[in-house]
Each structure stands twice: as structure tokens, then as C-alpha cells.
Amino acid sequence: MNLTTASRTFQLLTRLLDTRSRTEPFLPPNGEKKPLPLRLPQQPFPRATPESQGVSSDHIRKFLEELARGEDLYMQDVLILRHGQVLCEAAFGGQVLAAPKYTFSACKSVVSLAVGLLIDDGLLRLEDKVADLFEDLLPPASRRRLRSMSVEDLLTMRSGIVFSEAESLTESDWVRGFLNSTMKGEPGGAFHYNSLNTYMLSAIVCRKTGKTLSAFLQERLFEPLGITDTLWETCPSGIEKGGWGLYIRPEDLAKLGQLVMDGGRWGGRQLISQDYLRAATTAHANPPSEFGDFDYGYQIWVGRRDNAFLFNGMLGQNVLGFRDSGILVVTNAGADTDFQESRYFEIVSRYFGGAFPDTIPEDDSACLRLAEYAAALSDYHRAMGALDSAAAPFLDRSFDTSDPRAAAVGLLPMVLQALHNNYTSGVVSVAVSTRGGLPELIYREREATYRLPVGLGRPKISQLTFRGDTYQVAALGRFTHDEEERPVFYIRLEFLETPCVRVLKLVLLRDGMLLRQTETPGVPYVFDKLRRAAEQAIYKSLLLVAAGGSEEDFLHYKTLQLLSPEVRFTAGN
């Protein structure tokens, strides 16, 4: 990272924290989040009773119960497999297993598989030097500085490069940004987690194959495994981000985990070599203990206590394979965690880290209890409700705002706005009408109007498009009252392909309406991110000036304004 990049990154951060003005990104949004269909996967795994695979249905039910009780886990969906057969699947709340999910860093392990294919083909070696692979882009000084950096250093997060995701938001050429970045230690030295290492592996796949990473994987892995409807976000140059940005269904991601579990074999074919997978799931780097109880292989985490491998993405996107038992557990969540510091890992290891017999006697009643409990975790098992008198104060009314805080408030969660460089133009008005017997929220921003049917009793799923990015959204609402007996329209929006949830509360006042919005992941998680950024020497002095001398208090206050805004509206005509 150079001073110019740092300055632009700081400017973007201060724009984001200015809650009275629209955030203007340095790079225009490219609207690449196309609509992804909600449908079952092709070539699904066979289903089996847990007992037929040596696991008690009651054991799995108790596992689900513990996850459901863990409010800090924000669990969204779970798949449990043994020996390539699904024993249990469950979706929580308004989530659906048919939605391709944003995997965050779990897709780093998918990039590792692509690198393994190149090594199997003889197109790449672990010892190949990054400077040689990008010789045409390197001036002599940079070539000397990077001369010892190898492909293996990228795979093991030991490149020493500082250029990271935050800086990439203001750079149009990520390859050059990486190659010209400052360094934190020598290549091959200490573990330093940086998603741009994985991005460079994606760029290497493109260079070596003459194809995009997605096209290469489609041909070699996705098509044989029946994986469809994926989307991998790209950098401004059109190269897949690699370290993040992949949307894929939970069961399709499980196929890649099962491929690793089975040593690269699928349907009688050896798709990737057992030698590479053995090396990829062997510890080559030792992350700090605060990351969790896993070492690091080739973009795949390796258990220190359990004989296990892990694809891991922030907020709770995991594919965890227990080699001794052949059990694979796939989860998506929205927890406030980055790596394996969540207590989820203690829970799942306690339930599935031990030995299991090949089979146990069938237990029809236990199997039924599990099925009923898993179904009850979903909001869709309830019937759709109907409008009643509690809705009357809101229906066919419109509310306008001139509140200056409205300039930074939008329907899309702020975390997704920042992730996709796609910022709101600010809310202008809110109205509630009826459509098909359900309430419809009409949320107007300066540059777009969103019409969102809201389910009562069970969620209603619809699509919303934000300046070219389209999301599947499950909306569940209820009409109620607050502690002051004011009418409230409570709406929970689950952005099904992401871990993000937006909660809206429309509170009727005597002279108008109060709009309160919150989201998860929320204030604690984002504040911690901003606080850590403020501790970096290159930003600290700048943030001290912006904060008036108390940057931590300032950042917490601004985070609250950003993620939990309150906007006043007056009754419209």
C-alpha cells in the first residue's frame, strides 16, 4: 500500500462516516450481482436416515437445538452429511436452502482447488516465482523486491504484502496494486492473512489457462459435480476476486467439501490429485491463537485437535470435514466473527469430532422428531396471515422526510453497500399500501423506488434491484405497538444470498412517523473493524483529526448513526 492509496482509502472512510451526505465511491459500481434463481441443486446428494449412517437422529436434533439457542450464532442453514449422504438439512427463519449464498473467504479454498488442477496439469509449480509470472508488469525495483515470493507463499498467506481488501476499493488495477505494495516482512516468513494473496492466485489461473477462473472451474469441477447458478464477483479488470465474492448453494459447496474428503474422486473419476489435496490439507503456517484452533494449509484451514479440514468465511460460512468419521457439516450464518473464534466450532466438534459406528438400529420416532424440529426452525411452515385492524393506521398513507440524516439512509443494508461499492442516494419517502391481500412497503430513495410485499405469519420472497445489483429478499412483518402504545409496523428483511438482515420499525407519531433501521451484522462487528483500522499508523493521525481528539468515541457514535439510523417523517398528501 502506498500513500496515495492510503489517502484515497481514508477519504472513502470519511465519506462513509458522513451521515448527512451521500457516499460517493472512488470507483463506479458495476452492478454485477445478477439475479440468481431459487431452485434445488442439480445432481443432489442421496438422502439417508442418520441411523443408517451410524448417527442418532436425537443426537443431530440436540445439535440443532443448541445452535438455535445460540442467539450469538445467527445461524441461517445447516447441512450434515456422512459418506456423501445428507442426514439432515435445516434452514432457520426466513432462509431457504435453494438460494446461492455469499461465501466470503470460504471460496479461498475453491481457488486452492483451481491451483491444484494447474499443478496437476503441469502448468504451475509451487516454487514458481510471482515476479516471473508477472514479469511484464514489474519494473526492475519491484522485481528485485519480490524475487523470492513463490506461489506457495500466496497459498499459505506468507507473501508479506500489505495491499488488502480495504485499499482495493479505491484501486482499478489490483494486480499492479499488489505488486507495487509495501511489504510486512519477507516472503515465506510469518503468516499474514490477506485476501489479495488469493486474488493473485485467481489472476495466475487466468494467465495460465487463458480463461476466467469461473470458466476454468466450470469445465473442470462445476460441470462434473452438477454445480450451477454460481456467480463470482470480479475486480475492475474483470478477474474474479478469488478471496471473496463467490455465490454458491450450500449443497453445491458441500460437493466441493466432499471432493476434498474423498481425495479428489467423484463418481468414479479422479478430478483432482490426491497428492495435491493431501498437501493442501496439511498445516504449512501457524496463525495466531486468536484466529481459532486451526492451522493453515493451501488456502484450506487444518484442525489442530481434530483430524479435520475447513473452508471458512467470515460471519459463519463453513464447510467442516471430520476425516476420521467421514462427517461433513456445512453452515451459513451471520455471526459477528471473522475466523474460528466463534463458539460454533466447540459445539460442532463436541457433536461430530468423535468416532461413530458404521450403522445403528433405525429409530423411526427419533427420525420423525428430527424432521419435525428441523421443519419448525423455518418460518415457512406457518400459514400466511391476513391484514386486520392493527394495520389500519398505516395503510394507504405516505410519509416524507426532510431530515438531513436521510441522505445516508437506504433500504440496502450498509454492510452490503460497502461490500459492493453501491451506496444509497438517501431515503425520501415511505408509504404502506396493500397488494394481493398483503401490506406493501413503498420505499422511495432519490434515484429509485422499491416496492416490497411483506408477508404476515410467514415471509414473502421477492426481488429487489439496487443500481444493477439484484437480491432475493424474504420480508416478514407484523403490526404491533411499542411501550408507549404507539402503532408500529415491524418488518424483518432477510437478504437470502447474504448473511445480512435489515430490520425496519415504522413508528407512528402524532405529527408523522419515525423510521428506525438496524441490521446484522451490526454495530459491534463494524465498530470493531473501524477501530482496528484506526489503530493502523497510516490512518491514526488522520482519524484523530476527524474525530476531534477522541477517535474511538467518534467511531462508535458514527457507527451507530450509520447502521442504526433514526429518521423523522411528516405525513404526506
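Which residues does Leu 179 touch, not counting residues up to four places away in sequence? Select Leu 179 together with Val 130, Phe 134, Leu 137, Leu 138, Ser 142, Arg 145, Leu 146 and Met 200, which are the residues that it touches under that condition; contact here means heavy atoms within 4.5 Å.

Before going further, note that this is a predicted model, in which local features need pLDDT of at least 70 and side-chain atom pairs count only at pLDDT 80 or more, whereas totals for chains, interfaces and linings use all residues. Residues are numbered from 1 along each chain as its sequence is written, and side-chain values use heavy atoms, with hydrogens and water left out.

Buried means under 20% relative accessible area, exposed over 50%, and partly exposed in between (1.4 Å probe, protein chains only).

**Helices α3 and α9**

Now select residues 108–120 (α3) and 195–209 (α9), two helices that pack at an angle of about 35° with their axes 10 Å apart. Helices (H or I, at least four residues) and strands (E, at least two) are DSSP runs, numbered from the N terminus. Axes are lines fitted to C-alpha atoms, for helices over the stretch in contact, and angles run from 0 to 180 degrees between N-to-C directions. On the α3 side, display Lys 108, Val 111, Ala 114, Val 115 and Leu 118; they meet α9 residues including Leu 201 and Val 205.

**Aromatic pairs**

A search of the whole structure finds 32 aromatic pairs. Rings of Phe, Tyr and Trp (its six-membered ring) pair if their centres lie within 6.5 Å; planes under 30 degrees apart count as stacked, over 60 as edge-to-face and the rest as tilted. Select Phe 191 and Tyr 296: with ring centres 5.4 Å apart and planes at 65°, the pair is edge-to-face. Phe 191 lies in the loop between α8 and α9 and Tyr 296 in strand β8, so the pair ties together parts that are 105 residues apart in sequence. Both residues, Phe 191 and Tyr 296, are buried.

**Backbone details**

Which residues does a cis peptide bond join? Select Thr 520 and Pro 521, where omega is about -5°. Pro 521 is in the loop between β22 and α16.

Then go to Gln 299, a residue other than glycine with a positive phi, near 65°. Gln 299 belongs to the loop between β8 and β9 and is buried, at 1% relative accessibility. Finish at Glu 485, in the loop between β19 and β20. Glu 485 also has a positive phi, of about 65°, but counts as exposed, at 58% relative accessibility.
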